[in-house]
Amino acid sequence: MKIATFNINGIKARIEALPAWLRQAEPDVVCLQEIKSVDGNFPREVFEDMGYRVETHGQKSFNGVAILSRLPLEDVRRGLPGDEADEHARWIEATVIGKTAVRVCGLYLPNGNPAPGPKYDYKLAWMARMLAHARTLMQSEEPLVFCGDYNVIPQAEDAAKPEAWVTDALALPESRAAFRRLLALGLTDAFRARNQAPGHYSFWDFQAGAWERNNGIRIDHLLLSPQAADLLEDSQIDKAVRGGDKPSDHVPVWIRLAA
DNA sequence: ATGTCCTTACCTTAAGGA
């Protein structure tokens, strides 16, 4: 089972680049972030015609997540529990029925800038809610995948210019500590389990020639429960997508599970 | 280098978010 995460930065803007990548990469499951579309406007037929089931959790203008799957889905849940007043569409989860059933959670973690400030407070509160929900899900002892745009640079080697991020919400100590608390539950950073080398990024800003200078950061992650980590066969970043036609500022990151 | 892209709205241009 090949599972990918891809922040597409707008489904309308990516209506050619996303299908092109799907045809080339042939993932079984894709968690999308920043669809920037309400559910009713998502062009689901484009993906259904390619054999994908489509589950969306959108909102107007901003945020919005979705799951595309060539395998059957069960028990779709929308929204991160823990705050009924939170109206941001940043979480969707479903059980994918492969040889082994895998619970896949797609997330778009708040950016948090500027920090300090209310947006940073929201980011940290959201991460605390995610920690609590992940702890609950792990009690099932089933294979779990938490994938998406975490908006967290875990360590210095995950940025080309780590010194440029020291006061940024993506790299501040509280953000990194909250990310480590997820790992401390027993989750595995799939890419790092397979590749410890520096210089691997998933995002290059549209500004200031970041792509041309390879000034990137690694902020799109797939975290695996122990039962999922036992099934891990491979994890890669599809870097070349950033150099394609009308690209997102993020590229797909994927895992292959023996499931 | 305040250098880009995407979306929406008070829509031939600016603003908010990233």
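1. Start with helix H1, residues 17-25, where the buried residues are Leu18, Trp21 and Leu22. Looking down the axis of H1, these fall within an arc of 105°, so they line one face of the helix. The arc is taken from the directions from the helix axis to the C-beta atoms. "Buried" here is 20 or more other C-beta atoms within 10 Å of a residue's own, "exposed" is 12 or fewer, and "partly exposed" is in between, with C-beta atoms placed from the backbone. Helices are DSSP runs (H or I, at least four residues), numbered from the N terminus.

2. Keep in mind that this is a predicted model: local features need pLDDT of at least 70, side-chain atom pairs count only at pLDDT 80 or more, and totals for chains, interfaces and linings use all residues. Residues are numbered from 1 along each chain as its sequence is written, while chains are lettered from A and ligands numbered from 1 in the order in which they are written.

3. On the other side of H1, Arg23 and Gln24 are exposed. Glu26 follows H1 and has a positive phi, near 50°.

4. Next, look at H3 (residues 118-138) and H4 (residues 173-184): they pack at an angle of about 5°, and their axes are 10 Å apart. That makes H3 roughly parallel to H4, a label for angles under 35 degrees. Axes are lines fitted to C-alpha atoms over the stretch in contact, with angles from 0 to 180 degrees between N-to-C directions.

5. Finally, DNA strand B is surrounded by 15 residues, and the closest are Gly10, Lys12, Ala13, Ser61 and Phe206. Being near the strand takes a C-beta atom, placed from the backbone, within 6 Å of it.

Definitions and conventions:
Helix = DSSP H or I, 4+ residues; strand = E, 2+ residues; numbered from the N terminus. Parallel < 35°, antiparallel > 145°, perpendicular 65-115°, else oblique.
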